[in-house]
Amino acid sequence: MKRELLAARLLLISTCKVLILGGVHMAVPAFFEFFPVILEILSTGEVKSNKEIREEVKSKLILSDEEINELLPSKKQTVFANRVGWAITYLYQAGLFIRPKRGNYQLSEVGKQYVLKNGYGITLEELTKYDSFNKFLGVDEEKVKDDRIVLQEDTDKKTPEDTIS
């Protein structure tokens, strides 16, 4: 398990372009770049609230207070909270999490199997292997190629808020 944890942290470094230990401050990662660290956090099997997940993500990444507190153009939510929230939503919609009660998440059986087989690294493209995720995106069967959809670089990798801003 320690080897998997190290591999996940290394993947997170390359995926998020953020150093975990003694690292460089970077802009808030894209929402899909939070997938590995959120899978790692929920791999304990515990039920965690959105707030607990955000706090643990914050403790694992090196982001400045300015980056953590940067507001969306709407001024109603931080970019960090928004992107972590969308990452949780996408992983939940793929079936990797269950939601025992509103705003609380736990790794599902599908999620446990994924982590056992692949570790914590998961991409946005890999989520398209799950029918529930494709339904969430509203993808027609005609658009599915080889059981996967083709994501459009400019739009599908942005949160709705990122797309309109």
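Visitor: What is the mean pLDDT of the chain, and how many of its residues reach 70 or more?
Guide: The mean pLDDT is 82. Of the residues, 70% reach 70 or more.

Visitor: Where is the pLDDT below 50?
Guide: Over residues 1-25. That stretch still has 43 contacts in the model, beyond near neighbours in sequence. Where pLDDT is low, the predicted coordinates should not be read in detail.

Visitor: What makes up the chain, in helices and strands?
Guide: The chain has 10 helices and 5 strands. It holds 165 residues, and 41% of them count as buried. Among contacts with a separation of 6 or more, 59% join residues 24 or more positions apart.

Visitor: Why is Leu 42 called buried?
Guide: Buried means under 20% relative accessible area. Leu 42 has 0% relative accessibility, so Leu 42 counts as buried. This residue lies in helix 2.

Visitor: Which residues does Leu 42 touch, leaving out those up to four places away in sequence?
Guide: Leu 42 touches Lys 48, Ile 53, Phe 97, Tyr 105 and Leu 107. Take Tyr 105: it is 63 residues from Leu 42 in sequence, and 7.8 Å from it in space, C-alpha to C-alpha.

Visitor: Glu 40 carries a charged side chain. Is Glu 40 buried or exposed, and how do you know?
Guide: Its relative accessibility is 8%. The cut-off for buried is under 20%. Glu 40 therefore counts as buried. Glu 40 is also in helix 2. Along the chain, Gly 119 is 79 residues away, yet the two C-alpha atoms are separated by 8.6 Å.

Visitor: What about Lys 60: buried or exposed?
Guide: Lys 60 has 15% relative accessibility. Lys 60 is found in helix 3. Its C-alpha is 9.7 Å from that of Ile 41, a residue 19 places away in sequence.

Visitor: Which residues of helix 3 are buried, and how do you know that they are on the same side?
Guide: In helix 3, residues 50-60, the buried ones are Ile 53, Val 57 and Lys 60. They cover an arc of only 65° around the axis, so they sit on the same side of helix 3. The face turned away from that buried side carries the exposed residues Lys 51 and Ser 59.

Visitor: How do helix 2 and helix 3 pack?
Guide: Helix 2, residues 35-42, meets helix 3 at an angle of about 115°. Their axes are 10 Å apart. The crossing is right-handed.

Visitor: Which residues make that contact?
Guide: From helix 2 come Val 37, Ile 38, Glu 40, Ile 41 and Leu 42. From helix 3 come Ile 53, Glu 56, Val 57 and Lys 60. By class, the contact has 6 nonpolar, no polar and 3 charged residues.

Visitor: Why is Ala 87 called buried?
Guide: Its relative accessible area is 0%. Buried requires under 20%, so Ala 87 is buried. Ala 87 is in helix 5. Beyond residues up to four places away in sequence, Ala 87 touches Phe 31, Phe 34, Phe 35 and Ile 38. Pro 36 is 51 residues from Ala 87 in sequence, and 9.7 Å from it, C-alpha to C-alpha.

Visitor: Which residues of helix 6 are buried, and what puts them on the same side?
Guide: In helix 6, residues 109-118, Gly 111, Tyr 114 and Val 115 are buried. They cover an arc of only 95° around the axis, which puts them on the same side of helix 6. The face turned away from the buried side carries exposed residues: Glu 109, Leu 116 and Lys 117.

Visitor: Why does Lys 75 count as exposed?
Guide: Exposed means over 50% relative accessible area. Lys 75 has 61% relative accessibility, so Lys 75 counts as exposed. Lys 75 is found in the loop between helix 4 (65-69) and helix 5 (79-93).

Visitor: What is phi of Lys 75?
Guide: Phi is near 65°. That is a positive value in a residue other than glycine.

Note on methods
Residues numbered from 1 in each chain as written. Predicted model: local features only at pLDDT ≥ 70, side-chain atom pairs only at ≥ 80, totals over all residues. Heavy atoms only, no water. Buried < 20%, exposed > 50% of the residue type's maximum accessible area, 1.4 Å probe, protein only. Helix = DSSP H or I, 4+ residues; strand = E, 2+ residues; numbered from the N terminus. Arc of directions from axis to C-beta. Axes fitted to C-alpha atoms, helices over the stretch in contact; angles between N-to-C directions. Left-handed = near helix turned anticlockwise from the far one by under 90°. Contact = heavy atoms within 4.5 Å. pLDDT = per-residue confidence, 0-100.
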